[in-house]
Amino acid sequence: MGLASMGLMPYLMRSMALLPTEPLQIVEPFRGRNDTRRNLVGLSRDDLKTTLVEAGLEPFRARQVWQWIYWHGVTDFGRMTNITKKTRDRLAELFVVERPEIVTEQRSTDGTRKWLLRFPDGNEAETVNIPEEDRGSVCVSSQVGCTLTCSFCHTGTQPWVRNLAPAEIVGQFMVARDSYGEWPTPTETTRMLSNIVMMGMGEPRYNFDNVATALRIVMDEQGIALSRRRITLSTSGVVPMIPKVGEVLDVNLAVSLHAVTDAVRDTLVPINRKWPIAQLLKACADYPGARNSRRITFEYAMLKGVNDSDFDARELVRLLTPLHAKVNLIPFNPWPGAPYECSSNNRMHRFAEIVNDGGLSAPIRTPRGRDICAACGQLKSASVRSRGEKVLL
């Protein structure tokens with residue numbers, strides 16, 4: 001159902017009218033905190049109950065606190081009005097409800113917002129909201145930096161620092177809700193922040209346990225309450241982890257493909273040397289979502305003279321036709337020092353025509369947030385690699 005028929009277009013138009021007409025950057029000083037109290041954000045329901053019981057509180061308090069944190073977005077225990085004052089004081093003595101700290105908030109002329117967020121140890125990651133006519137997709141990071149060194153991606157030029165904890169992952173979406181004033185949790189038809197895409201900094205499958213904990217919190221119906229149909233996990237091709245995502249979360253799957261031959265993909269997405277295209281597509285064919293109405297999305301950055309020929313388009317059709325798939329054609333988003341150029345408009349449209357005529361849906365994604373470096377492949381923070389740390393599968 002379109003927005004106009006639901007009567008929501010005037011609401012969104014009024015909201016969009018509040019956005020600036022030129023790029024805006026809001027910079028906040030680093031505050032940090034010297035506080036040993038435990039952050040309750042990011043705990044699973046069971047862990048929250050255990051934590052409160054160990055503090056001498058009744059088990060039912062966990063449900064109350066959960067709803068105040070994730071349904072109402074409250075950070076002050078004093079506002080949890082259905083909890084006795086004595087209990088609120090005890091909670092405030094032992095715990096905090098803490099978001100990542102906003103270092104900068106940038107707002108694009110097209111409505112995109114980007115936040116550079118700092119975590120308690122001083123490391124940073126970026127989060128983006130991309131508003132569309134009928135939804136808003138929050139692009140969430142799973143790691144500080146990245147291990148994968150994809151040659152067309154700005155994040156890939158930043159070495160991996162560490163995995164993000166569940167509080168730091170779900171906290172990114174909560175920061176976005178704070179920015180839009182979208183508390184308490186709105187209904188499905190009125191929310192502006194309607195989707196989460198795990199396509200920010202890092203490879204989610206290299207931090208799967210923390211990502212899974214965070215997304216279960218997001219999907220809880222008594223809290224943030226996003227449906228699994230509204231959540232997409234992207235991967236560059238960590239083949240052994242793809243079945244686990246389907247078994248544990250059963251969210252939408254997106255794959256950063258970007259090439260149709262191993263020779264080209266080995267350069268663009270180096271993890272292909274470990275799990276080449278044939279193995280990746282076999283794992284995608286077996287993914288639970290591929291056997292129902294949800295299609296797997298294959299991301300394909302359009303790189304001039306690299307992967308954008310008529311042959312590439314026809315081979316893409318051949319590879320993906322056996323799957324329940326769609327293709328997102330992404331105009332390459334340049335960044336300082338990038339070794340590639342974006343394909344021309346004519347070339348992209350010819351490529352899309354071949355793929356569409358082959359029976360696959362292949363829209364060309366409209367670049368968003370380029371003026372604030374918030375577009376696909378442009379995210380990067382200033383965090384520095386921690387010494388001696390390694391990523392294990």
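These legends go with a set of close-ups of a predicted model.

A word on the model before the views: local features are taken up at pLDDT of at least 70 and side-chain atom pairs at pLDDT 80 or more, while totals for chains, interfaces and linings use all residues. Numbering runs from 1 along each chain as its sequence is written, and side-chain values use heavy atoms, with hydrogens and water left out.

**View 1. The whole chain, for orientation.**
The protein chain has 12 helices and 14 strands; these are DSSP runs (helices H or I, at least four residues; strands E, at least two), numbered from the N terminus. Of its 393 residues, 55% count as buried, where buried means under 20% relative accessible area, exposed over 50% and partly exposed in between (1.4 Å probe, protein chains only). Take the contacts with a separation of 6 or more: 68% of them join residues 24 or more positions apart. A contact here is a pair with heavy atoms within 4.5 Å.

**View 2. Helix α4 under its cover.**
The buried set is Arg-61, Ala-62, Gln-64, Val-65, Trp-66, Trp-68, Ile-69 and Tyr-70. The cover over them includes α3 (45-54), α5 (85-94), α6 and α7.

**View 3. Two of those covering helices, α6 and α7, meeting each other.**
Helix α6 (residues 166-180) packs on helix α7 (residues 208-219) at an angle of about 40 degrees, with the axes 8 Å apart. Axes are lines fitted to C-alpha atoms, for helices over the stretch in contact, and angles run from 0 to 180 degrees between N-to-C directions. That makes the pair oblique, since angles under 35 degrees count as roughly parallel, over 145 as roughly antiparallel, 65 to 115 as roughly perpendicular and the rest as oblique. On the α6 side look for Pro-166, Ile-169 and Val-170; they meet Asn-210, Val-211, Thr-213, Ala-214, Ile-217 and Val-218 in α7. By type, the contact residues split into 7 nonpolar, 2 polar and no charged. For this sorting, Ala, Val, Leu, Ile, Met, Phe, Trp, Tyr, Cys and Pro are nonpolar, Asp, Glu, Lys and Arg are charged, and the others, Gly among them, are polar.

**View 4. Helices α11 and α12 side by side.**
The axes of α11 and helix α12 (residues 345-357) come within 9 Å and cross at roughly 30 degrees. That makes α11 roughly parallel to α12. From α11 come Asp-310, Asp-312, Ala-313, Arg-314, Leu-316 and Val-317, and from α12 come Arg-347, Arg-350, Phe-351, Ile-354 and Val-355. The tally for this contact is 6 nonpolar, no polar and 5 charged.

**View 5. Leu-319 in α11.**
Leu-319 sits in helix α11 (residues 310-320) and counts as buried because its relative accessibility is 15%. Beyond neighbours within four places in sequence, Leu-319 touches Val-260, Ile-277 and Leu-281. Leu-281 is 38 residues away along the chain, yet the two C-alpha atoms are separated by 8.1 Å.

**View 6. Gln-158 in a loop.**
Gln-158 belongs to the loop between β8 (143-144) and β9 (162-163). With a relative accessible area of 2%, Gln-158 is buried. Setting aside neighbours within four places in sequence, the contacts of Gln-158 are Val-144, Gly-145, Cys-146, Met-201, Lys-380, Ser-381 and Ser-383.
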